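Dear colleague,

Please have it open while you read.

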Amino acid sequence: MRLTLRTLLAYLDDTLEPTQAKIIGLKVADSEQARELMDHIKQVTRRRRIAAPPASGASKIDPNTIADISMGR
C-alpha cells in the first residue's frame, strides 16, 4: 500500500482495514513529511469558523492559492 494523500486521509478517518492501517502507521512513523502533513491536516480541520471560498463569481478564489496560504508559503 502506497502512502498517498488519499490513504493518509483514510488513515486519519480510521476507514482503513486494520492491516492496512498498521502498514500506513509504520510508513507515517518513518516519514517526517507525512507526520508534518498529518499534524497540519489535524490543525486545519480543528479550526473553528473556517469558511469555503466562493465557487464562482467575481470573488472566486483559486484552490491552489488557498493551499499555498494555509501551508505558509
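Accessible areas here come from the Shrake-Rupley method with a 1.4 Å probe. On that basis the chain exposes about 6,100 Å², and carbon and sulfur atoms supply 52% of that area. Please keep in mind throughout that this is a predicted model, and that the values below are computed from it.

To begin with the overall fold, the chain contains 4 helices and 0 strands, so that, read from the N terminus, its elements follow the order α-α-α-α. The radius of gyration is 15 Å, which is well over the 11 Å that the globule rule gives for 73 residues, and the chain is therefore more spread out than a compact globule. The C-alpha trace, laid along its principal axes, spans about 45 × 25 × 25 Å.

As to the interior, buried residues, meaning those with under 20% relative accessible area, make up 19% of the 73 residues in the chain.

Where do Arg35 and Glu32 stand relative to each other in helix α3? Because they are 3 residues apart in this helix, which covers residues 32-45, about one helical turn separates them. Arg35 counts as partly exposed, with a relative accessibility of 31%, and Glu32 is likewise partly exposed, at a relative accessible area of 47%.

One further residue deserves a look while you have the model open. Asp14 has a positive phi of about 60°, although Asp14 is not a glycine. This residue is found in the loop between α1, which covers residues 5-12, and α2, which covers residues 18-30. Is Asp14 buried or exposed? With a relative accessible area of 64%, Asp14 is exposed, since the cut-off for that class is over 50%.

How values were computed:
Residues are numbered from 1 along each chain as its sequence is written. This is a predicted model: local features need pLDDT of at least 70, side-chain atom pairs count only at pLDDT 80 or more; totals for chains, interfaces and linings use all residues. Side-chain values use heavy atoms; hydrogens and water are left out. Helices (H or I, at least four residues) and strands (E, at least two) are DSSP runs, numbered from the N terminus. Buried means under 20% relative accessible area, exposed over 50%, partly exposed in between (1.4 Å probe, protein chains only). The radius of gyration is taken over C-alpha atoms; the globule rule is 2.2 Å times the number of residues to the power 0.38.
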